[in-house]
Amino acid sequence: MGKYAIGIDYGTQSGRAVLVSLDSGDEIADHVTEYPHGVMDETLPDNKTKLDHEWALQHPSDYIAVIKYSVPSVLQSSGIDPNDVIGLGIDFTACTMLPIDDEGVPICWKEEFESNPHSWVKLWKHHAAQPHVNKINEVAEKRDESFLPRFGGKLSSEWMLAKIYQTLDEAPEIYEKTDRFVEATDWVIMQMTGNFLRNSCTAGYKAQWHKQKGYPSQDFFKEIDPRLEKVTETKLKGDVVPLGTKAGGLTKDMAELTGLSEGLPIAVGNVDAHASMPAAGVVDEGKMVMAMGTSICHMVLGHEEINVEGMCGVVEDGIVPGYYGYEAGQSAVGDIFAWYVDQAVPKYIVDEAKEKGKNVHQLLEEKASAMAPGETGLLALDWWNGNRSVLVDTELSGMILGLTLTTKPEEIYRALLESTAYGTRKIVDAFHERGVAVDELYACGGLPQKNPLLMQIFADVTNRKIRIADSVQTPALGAAMFGSVAAGSENGGYDNIYDAVVHMGKVKDEFYTPIPENVEKFELIYQEYSRLHDYFGRGENDVMKRLKQLR
Ligand SMILES: Nc1ncnc2c1ncn2[C@@H]1O[C@H](COP(=O)(O)OP(=O)(O)O)[C@@H](O)[C@H]1O
Ligand SMILES: O=C(CO)[C@@H](O)[C@@H](O)COP(=O)(O)O
């Protein structure tokens, strides 16, 4: 009789439960629950409180809805005996964080705070804490804090410390009421098990916790704002434990809600991108995994702690035990293509797509595939949602150069695809040139399945072979693998992630190979991209920031 694990992947718009075979990693059933409140970036659920630019919030009840609807659904559609599910793990976007009280109740669930934006979940792409992270970085640089190089020289407004400081600064009453600020991934596990533990992945990458040194010092926080002096002992309290640790057993209430067995081993929380790496079968050096969807996270393993410009971080055991896990990223990729399709495509293209029974992306991809590199005469900077790596600046914005009266929609679409590949090339070069080898690329997430042209462009621009993960739900598969590790072999699971990878990690046999003449042409255009990148991104011309201020 086969055994199974469940992985739940909490994305930006929806959550998905996947039931996975422990023998093969095959997905037996999956179910998506769209978040009823989606991303809240205009108003709060009270329908009257307006949100400013750069805000992005979520509703914690939506996470529970995923458990309630998607878990029973996979059990039902697979027809398996729930007793054959031996473990469960989750992965989440990060840093997606919320303030909770001493019983774990989100502050936004309290009536008196429901109209205060700071009481809600701040989503990973909430960028309104930029002034706060600027101050944090200024103090860290001045004090020559040893943690800074581990994060590429700059912390991001997307991360925990910036989001906490913004809350303190703009809503001290919420800060006061908050017992702890927690990653949503850890909060959901707390709801499932009744236990609160912080996972070492989000603590390490998103809250600057270090396996040997712990969090940054009290003196550092005091210099940012005296009220922050004890922040790590108070608002960030909680044991930090490695990925794959069993957080506890499923509570009776949750067992009733889901149909799973009470006491089922549940792994501590994890992050979507990081969970994907073992799921793509990668647990050694030289292989960069790109989790490609709304954004891209780039991950690579190494045996040393090396400082790389603008990386999101290097954390010991941050992805799998025994390695330093490196992360970098682009904060918009699929989102840029979505912007174009939703906001700027002419009606004749939408009509033609409908006629041909394709979606607009597919039609534009088909038309763009007929063009050679350089043929559009266009060059774009892929900063529609700021630049995560290597510039670490959320105030930068997108740009398309070379438009003329004859420019066609498919040319713009192609220029946008190419721009994201140049952004990845910057990241690949930053690692490789510093001695963190990137010999080949592995792609997972939604985009590799959806857009073959994009993948060929990535292979050509980076001049590297790209393998594709053999799972359409890589983060959920990874989460399920960590769930099986939490169960351990004595319960029918695996004793460590390496054993789980042997049975469950999956990569396809075929791959994308660079085409030499494309590589040559793209190299020339990439040099132009680099010039623009440095001109607009490294302070020579801050026009993008000035325009944002004028808004
Ligand atoms: N054919 C396509 N080509 C390129 N991008 C696409 C295509 N279809 C959808 N997208 C983009 O893919 C992104 C979703 O990626 P996916 O991996 O499914 O989600 P997520 O990142 O939320 O996990 C969206 O931003 C969407 O605009
Ligand atoms: O930043 C991270 C991980 O560190 C991601 O959670 C974030 O980019 C969101 O990823 P998705 O594009 O929604 O898959």
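Tutor: We shall discuss the domains, the ligand and the salt bridges in turn. Please keep in mind that this is a predicted model.

Student: Fine. Which domains is the protein chain divided into?
Tutor: Domain 1 covers 4-273 + 475-504, and domain 2 covers 282-470 + 515-551. Their centres, taken over C-alpha atoms, are separated by 26 Å.

Student: How many residues of each are in contact?
Tutor: On the domain 1 side there are 31 residues, which are in contact with 35 residues of domain 2. About 2700 Å² of area is buried between domain 1 and domain 2, and carbon and sulfur atoms give 51% of that area.

Student: Which three residues supply more than any others on the domain 1 side?
Tutor: Those are Y205, A273 and Y498, which supply 23% of the area that domain 1 buries against domain 2.

Student: What about charges? How many salt bridges are there between domain 1 and domain 2?
Tutor: The count is 7 salt bridges. There are also 11 residue pairs in polar contact between domain 1 and domain 2.

Student: Which elements give two or more residues to that side of domain 1?
Tutor: They are helix 2 (130-142), helix 6 (200-207) and helix 17 (497-504). Helix 6 gives the most, with 5 residues. By class, the side of domain 1 that touches domain 2 has 13 nonpolar, 11 polar and 7 charged residues.

Student: Changing topic: which residues come nearest to ligand 1?
Tutor: There are 13 residues around ligand 1, and T294, G334, G446, K450 and N451 come nearest.

Student: Which atoms of T294 and N451 are involved, backbone or side chain?
Tutor: For T294, a backbone N or O atom lies 2.7 Å from an oxygen atom of ligand 1. For N451, an N or O atom in the side chain is 2.9 Å from a nitrogen atom of ligand 1. G334 also has a backbone N or O atom 3.0 Å from an oxygen atom of ligand 1.

Student: Back to salt bridges. How many does the structure hold?
Tutor: The structure holds 31 salt bridges. One of them joins the side chains of K3 and D84, at 3.1 Å from N to O.

Student: Why does that pair tie together parts that are apart in sequence?
Tutor: K3 lies in the segment before strand 1 (4-10), while D84 lies in the loop between helix 1 (60-78) and strand 5 (85-92), so the pair ties together parts that are 81 residues apart in sequence.

Student: And what is the N to O distance for E158 and R388?
Tutor: The side chains of E158 and R388 meet in a salt bridge at 3.0 Å.

Conventions:
Residues numbered from 1 in each chain as written. Chains lettered and ligands numbered in written order. Predicted model: local features only at pLDDT ≥ 70, side-chain atom pairs only at ≥ 80, totals over all residues. Heavy atoms only, no water. Domains from an automatic or database assignment. Contact = heavy atoms within 4.5 Å. Buried area = accessible area lost by both parts, 1.4 Å probe. Salt bridge = Lys/Arg side-chain N within 4 Å of Asp/Glu carboxyl O. Polar contact = N/O pair within 3.5 Å; in protein donor to acceptor, adjacent residues only side chain to side chain. Helix = DSSP H or I, 4+ residues; strand = E, 2+ residues; numbered from the N terminus. Nonpolar A, V, L, I, M, F, W, Y, C, P; charged D, E, K, R; others polar. Near = heavy atom within 4 Å.
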